[in-house]
Every structure is written in structure tokens, then in C-alpha cells.
Amino acid sequence: MHPPPGTLFDVFVSFTRKGHPELARRIHTALEDAGLRVFIDDEVGYGDPISETLVDRLENSRLLIVVYSERYLERDACQWELMRVYLAGMAEGAPSRRILVVNPEIGDDHIAPPELSDARYLAAGAEFDMDGLVRAVKRRVRELPGPIGKVRVNDPPRWLPPRIPGTADFVGRYRDMWRLHTQLCADLPLTHATTEGPAAMVSGLPGIGKTSLAYAYAWRFGAAYPAGVYVTSLRGADPATARFRQAEHIRQLARSAGIPVAGVDHEELRILLAEHLDGRPGPCLLIVDDVPGGLEPEALDELVVPARRMRTIFTSRDAGAGARAGTVQLTGLAETEGARLLAGFRPLDDPEDRAAARRISVRLGGHPLALRMVAAALRNRQGLRSYAEYAADLETDLKSGLDEERLLSVIGGLLGLLGEHELLVIELAHILGAQPVPAWLVDAVLGAVGSGTPDTGSVLDRLDELAAAHREGSWWHVHPLVGQAAHQAGRVAALAPSLAFAAARGLLGLAPGPEPGCARLAETLAGSPILTDTDEAYRLYGLAAGHHKELGDVVETARVRSLITTSPFSSAADIAAAALACNASGEYGRAEEFARRALAMDAEFAALWGLAAALDGLGRYGEADASWQRLDREKPPPTFTPDRLAAFRVGRAEAHLARGEQGDAAALLEGVRRDHDITKADDATAHQINAATVELARLRLQTSSEKDARALAKTVIEFYRARAAETHAMCQEAKLVWAEATVALELFEVRPDTSKWGEAEWTLRDLYESFRSSAGPESTLTLKAAVQHALVLVRLGRQSESRAVLEEVVPLLEARFGQAHPLWLRTQYILGLAHLQLSEFAAARDVLERTWNGQRTTLGPRHYETLRTQLELGIVLKFFDQRRMRDLVTDVRRSLPKDIGRRNDLYGRALAAERLLFPMPVWTARALWRAGELADRLLGLLKRPRT
């Protein structure tokens, strides 16, 4: 008679019938003879479900004894028992506290997880010490306070974004699951020493089951993550866009968690989400799926949420990306696991079926996608084709084993079961680079290309049934291997041109513009060899360029605009647009080439504008002046829309500002802001109003109106934050200005706010890393952000860090622009400041002298930056040449342009130097400077000058 439910046991013996059952029964007998109450799970057969009785017995036992044979890892019930008790131990603070392992094998490589090493009681054949085991069990039972079921194990966690937890059709992989858990808990006690964690990179071939393993782990071990499971996907992203795609997902997760996201930038949002998660009990888990190959290992840091108890799983085909995380490399399923996957679609009726299923699994290398497609193909052919018959055919086809080519051949053969319309969908996905395809586009293409009147829903159902595609919302994803196999087999390749043109017509019919996924499809399709030099490709690139421009992605806009110029349909206007786009992305050399090419075709106003701006960007102001003067004499064409006219006025103001002509620049910028109401303007015009505001903030910064500069820049930042568009180029420009203005103290600011200095520094660091990732380390955008970062660092007194930035940037700038470029000269000014702050007077003098001479030639003697350098040079000459010091400092005070005026930092510091430095003995000045007092006195002892 069986004990009633709720009966308490001291020990639960777990084993598999195919792994030393006689030893398990001997242990059961010996423990009962010693007076212990023992349950042995002798009732569950291989593959049988876990009964309520078994659950009751496990929860009412104190200790789990595992007879860990080589087959133990293959049995679902055994692994469920082990995981259940392991998680109970975790809840008590010691995962192996309630587990005692008996190893009947020689060696212990089969035991997972390795954390059970401190719970292992080794056994080997006849030498097994049963008496020692009994003593160990009695001692352990006495230490345990109650049964396993009394331990409070967390409820299953919430998954965000909401979805059905876990994954379908997942079998086995317990060793991989334990390896993954060990890596994620590497920073916890009772694990092997490691310098990694808590993150893991699951990598392997396409279709090998990386995503499925991550989801299955999150389901099985969910109780270990009470603070939630969070899922993001970078499918379709490349190394340049991965960070921004993840930023979008993080924003969605924060919104789902109830965190206000309006007006919060990405870096701050990551911190807010981390703080929210830190306030919840226990660890949480983040799954970042489909990390693109080629991503720099350091870039993984940008994809995580910095919560203290966050564990992160990355999945990627590229194992190299896991250098910053422990790698779990997946191979195929074991033969028994592969056979179970097949059995999930169609039962294995007899020993012959089971043997054949194992042979199929071995021949296919345990590849889950291939096995799933085989299973789907055989599901409804019971009585028509046996597992053994298919295994025999497979063994004939794969005599020399399985490689990628043969795998594709197998999948291609299975696709013969599909009809014309299903194959058309697969070929369409192949043409579109295996990206997810919206259902409406599938319907439109089938209606245009397929024979008859296809039922798109039924077609997609059939693809789903045969595991050839799966749905993600209203979009459908065909696995790349499936598309490659179908194309290689030539199933419907002849219809590829018709499919491409039909898809192009569908995408070009979008109005007013495509969503991000469709824009990526448009660009992929435009680059297809099928559409080379066609009007469709030309218009698709235009669609993608417009989308990138609307997003404020100047790098991608320039890249696609450049592609448009290679089309036979491109015009002078297209080439001029490419010149302007390249100017916006800092590619001034290419912009000059495009502009001159456009001018040779047609004297286009925009082409001349593009040339003038390009020459300015290259620091060739003298050459640019002729183009600007010509533009001043001409009127913009009547075809210029309000936003384009505003953009030109902002561009002209930038040219004035580069030459130190602040009055002319201010008039144009204030005119743009006065003529347009941003609350009523369309998006394109609003971006130009913001551009005018950013340049006006930069002008205010030059004239020592730092508070105004900060306020103006902040309005632009808030505009884009409210629209969750912080990656927009205009928002990034505003952040550059805001950061510099934040650490620049206004001369007459009585109580300067220093609370934002740290934020200013990391904002610039973040912008630098962002540009470096999206535009490349040698991009002008990246170099500009780096120089700005170095300037802020030196103003914060962090000279060594500033120098480190400059050491990396200066050679790149010199190679790209030469030593006469304003940006290169600015790096030398920053280096001179660092020397001056460190009392390295001779080095400061030499660097500032060279910089001043270069700026006088390039920018002119009355430019703001030239005068700024002249003043610093004059100050350091106090220690070398007092007469020349007087000449330089006095010249700054007397000769400041009327556009800047007297109420500014330059004038104030020059006046302070005259009053304080001129009469001071050199030895006193040197002592005060090295004591850190003189620089403060240059401003702190200054009386407010008359205006």
C-alpha cells in the first residue's frame, strides 16, 4: 500500500532505468535499513510525464540523492527533479545543499552542473562505500530544517515584452542549459573561479537552436529570476545600427515596466531601468537575441542594462563577439534528443522506428532546423513512408557525412513538398536578404506573380506547418538556410525578377513613407542585382534615403545618397543632394567631388551651396568665399521648399560663424527662428529651426553667454527626447554644444551650477562612442566629438585623460585634413591648456605659439578662437617675455570685434591679466600659478568692467 499524499520522506532517490538502476535500489535498501524513510522514483518510464504523485514525493523529501549515470542528462523527469531541488537550494542560499550525487561512472565529465562538485559522493563499482554514504546522508538530513516543498521558491517571472514564455518543440540540451546557468551565475558562491560574468554568449551555426536554448533556459530556470525576464532582438541589425536598435527596445521595456520615458535620453534611461530592477527582489534576466557578427566586443557593454543583479544572454552566430562574455558554443542535438524531436511530430511506434529516428538524427548532425523540417514532412505520411525508409534514403544521399552543402541539399529536397505559392514566398524572402517580410507585402506579391488567386493565409499556414517559416506579429520570417536551399535547388529562381519588381512596386506604393522595417527592405531590394540600373532601384534608394534623413541619421543618408548617384537615372539635383548629405556627415572630400560633378552638369544653386560648404569643411575658406559671394548674389530657386530655404540660411550662417562674423550669423539664425513657429511647422522645417537654434547656441557660447547657450541647446534636446528621437543628428549636435557650455563658467555668473559637469563629460564620451560605432573611428563626426570631449576634460582639470584622447585623435585629424585645419588647430589649443594647467610653461608657450600662428593664417587674426589662443599665449609669456606679454594681452582687450563686445570672457580675462599679471613679479606669479591660485584670481579678483 502506497503512503498517502503529504507523507514525509528523508530521501528521494533519482535515477534513470538505463543508468545503473541496481545501484539505486541498493542505496534505497541500505538507507531504509538504517532507519531512514526513502522514496525511489521507480515508476516513471522513459519519456513519461511527471505525475502528481512524483511531485508530491519530491516536495515532501528533505534530500535528493542523484545516481548520476551518463544517461541521466537525457531524461526529462530526472532533470526536472534535479532542477527543482537545485532552485530550492538557491532560494536557501546554497544550490547544492539538498543534493548528494553518487557517480557510478569512471570520470565525471557527464555531471552537470559543475557546481555539484561539492555535493558529489564518488562511487566506482565494487569499491563503493555504502556505509560511508549512509553516514553522509544521515548527517545531511539532520542539518536540513524541513522538506524541499517548504522552501519558498519564487513564482515564474514576468516576461517583457509580454509573450508566451519558453519555446515550442524544444528537446534536451540539458548539458548546454547547465553550462549556460553556470556562466550566468559565475559571480555567485559555490561556482568555479572566473573573471567573467554575469553574461553569456550562445553561439553556433544558423538554425542550431541558439534562441530556443535561451528561451528554454529562461522558462526552466525562471524561478531564479524573480525580477523578470526581458527580451530584445537585433535581427536585421548590423554592427553600426545594433546599439540604436537596442536603445529602441530598452525604451519599450522601460515603458512596459511603468517608467516614464518622455524626455529621457538612452544612457539615462538604461540607468533608470537598472534602478527600477535593483528595487525588485532577486536577479533578473535579459536576452539579447541575434547580435550581429563583426560587432566589437566592447560594444556589448552598450547593449546591457547595468542593474546589479542582471544576468545577460546574448545569441549570435559570431563566437568572437563573446570575448566580453563566456561563450556557450552549440553543436547539434544528441541522437536521442534528435529522435525525440522527430517523435514530437510523429510517434515512434516500434523499436525499428526509434532506431531509424536516431540514424536520421546522426546523419543530419542533430541540426534542429533540418530535423524539424524532416519531422514536419513525415508527420502526415504515416503508413506511406516510414522512418526507416527515409533514413535509408538519407544514408544513401549523405554517405560521406553532413556538411553545409549537403544540409542545404536535404532541406531543398524537403521543399519539394511545398506548392508554387509557398516557394514564391521563400524566394521573396531570399531576395530580401532573409529579413522578416510583412504579410501585406507577401499578399501583394503573390497577387501579382502567383498563378490563380492564392489564399495568402493558407500559404503562410502551410509554410508554418512545414517549419519553413514562422510568424513574428504581422511579419513572417523565413530562415536563411531555407531560402538558400530553395534558391540553390532552383525551385522558383526563374521567377525572381518578377518577384523583385512586384515587391518594389509594393514598397514604392507606401505613403507618406515606410516604417523602419520596410525602409530596410527597400534598400536591400534596391541593391539586388536583379534591379541594377533600373528606375525601381533608383526610386527605392530615394525612399530609403528619405527615411534615414527623417530619422536624422546623417551617415546612412549620405551613404544611400551616394548610391543614388551611381544610377543612370540620377540628375544634377541628385548629385547635389549627395554633396549636401556628405557635408552633413563630415565627408567633405566626397562632398566636393559630388558638388563639382553636379556643377559640370548644371549650374545648380544647391550644387554651388554644396561646394561652398565642402570647402569650408576642409578649412579652405579662401576658395569657398567665391562660391558664398556668388550665392549671396543669387536667389534660391522657387522650387526650394520652406525647410530647404531655412536649411540654406542656416548653412550660410555657419559659414559666417566659421569666419568669426558673429553679427551676420546671428541675423540669419534669428531670422529663421523668427520666421517659423516650431509648434506649427512640419517635421522637415522643425529640424531646420532646431539647426538654427543649435548654431545660435554655439554663437552664444563664443560670446560668453554660456547660460543662454545651455538653455538654447537644452530646448533642442528636449524636442527630440519628447519624440524618442535622441539619435537624431540635430539632437547630437545640441548635446555637443550643451556639454561645452555646461563646463564653461560665464564671467558674471554669481553662482555657477557645477552639478551637471559630470553629466556633460559622460554625454560627450557617449556621443564619441556612438559616432565611432555608427560612422567609424576616422569620421569627421567622431573626431569632432572626441576633440570636444578633450576640451571638456581639460576644463574639468583632467589633463591626463584629455591628453589620452588627443593622442588618439591628432594623428587621424592630421592625416585627414593636415595641420592647417581649424579642428586640428583646436586640438593644439587644448594641448596648450593642459601644459599650462600643469605648469609646463615652456611646452605651453611652444604649442600655443604654433597654434596662434596657424589660426591667424586659417581663421584670421580677429577670429574668436585666434584671440582666445592669443590670450593664453600672452598669459604664459609672463614667465618668458613680459614686453611681448603686454602687447598680446592688450591687443586682445583693444581689438575684440564689436560683434563680440566687452561683456565676455575674453575681454574680462584680458582686463584681469592687465590689472593682476602686469604689475606682479615673475617669481610671485610662478608660485601662485603652481599653487593653483593665479588662474582663479584672473577671474575671481576681477571687478565687473564697465560696458
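## Pairing of strands

Two strands count as paired if DSSP finds at least two bridges between them. In this predicted model, strand E6 and strand E8 (residues 229–233) meet that condition, pairing in the parallel sense over 2 bridges. Within this pair, Trp159 has Val229 in E8 as its bridge partner. Strands of a sheet pair through backbone hydrogen bonds, and the pairing is either parallel or antiparallel.

## The six-stranded sheet

E6 and E8 belong to an open sheet of 6 strands, arranged in the order E6-E8-E9-E10-E7-E11 with parallel pairing. The edges are formed by strand E6 (159–160) and strand E11 (326–329); each has a single partner strand, so one side of each is left without a neighbour in the sheet.

Strand E7 (residues 199–203) has a partner on each side in the sheet order, E10 and E11. With strand E10 (residues 310–316), E7 runs parallel and is joined by 5 bridges; here Val202 is partnered by Thr315 of E10. With E11, E7 pairs in the parallel sense over 4 bridges, and Ser203 has Gln329 of E11 as its bridge partner.

Is strand E7 buried or exposed? It is mostly covered, since 5 of its 5 residues are buried. Both faces are covered: Ala199, Met201 and Ser203 lie on one side, Ala200 and Val202 lie on the other, and all are buried.

## Helices against the sheet

Helix H7 (residues 242–256) lies across E6, E8 and strand E9 (284–289), and runs at about 150° to E8.

In helix H6 (residues 210–220), the buried residues are Lys210, Leu213, Ala214, Tyr215, Ala216, Tyr217 and Ala218. These buried residues pack against helix H5 (174–184) and against the strands E6, E7, E8, E9 and E10.

## The three-stranded sheet

A further open sheet is formed by 3 strands in the order E12-E14-E13, and its pairing is antiparallel. Strand E12 (437–438) and strand E13 (469–472) stand at its edges, each with a single partner strand, so one side of each is left without a neighbour in the sheet.

E12 and strand E14 (residues 475–478) run antiparallel and are joined by 2 bridges. In this pair, Val437 stands opposite Trp476 in E14.

## Helix H30 and its two partners

Helix H28 (residues 683–702) packs with helix H30 (residues 729–743) at an angle of about 15°, and their axes are 10 Å apart. This angle makes H28 roughly parallel to H30, because angles under 35 degrees count as roughly parallel. The crossing of the two helices is left-handed. On the H28 side, the contact is made by His687, Asn690, Ala691, Val694, Ala697, Arg698 and Leu701; on the H30 side, it is made by Met730, Glu733, Ala734, Val737, Glu740 and Ala741. By class, this contact has 8 nonpolar, 2 polar and 3 charged residues.

H30 also packs with helix H32 (residues 780–795): their axes come within 9 Å and cross at roughly 15°. H30 is therefore roughly parallel to H32, and this crossing is left-handed. Glu733, Leu736, Ala739, Glu740 and Val743 of H30 meet Lys784, Ala785, Gln788, Leu791, Val792 and Arg795 of H32. By class, the contact of H30 with H32 has 6 nonpolar, 1 polar and 4 charged residues.

Note on methods
Residues numbered from 1 in each chain as written. Predicted model: local features only at pLDDT ≥ 70, side-chain atom pairs only at ≥ 80, totals over all residues. Heavy atoms only, no water. Axes fitted to C-alpha atoms, helices over the stretch in contact; angles between N-to-C directions. Parallel < 35°, antiparallel > 145°, perpendicular 65-115°, else oblique. Left-handed = near helix turned anticlockwise from the far one by under 90°. Contact = heavy atoms within 4.5 Å. Nonpolar A, V, L, I, M, F, W, Y, C, P; charged D, E, K, R; others polar. Buried < 20%, exposed > 50% of the residue type's maximum accessible area, 1.4 Å probe, protein only.
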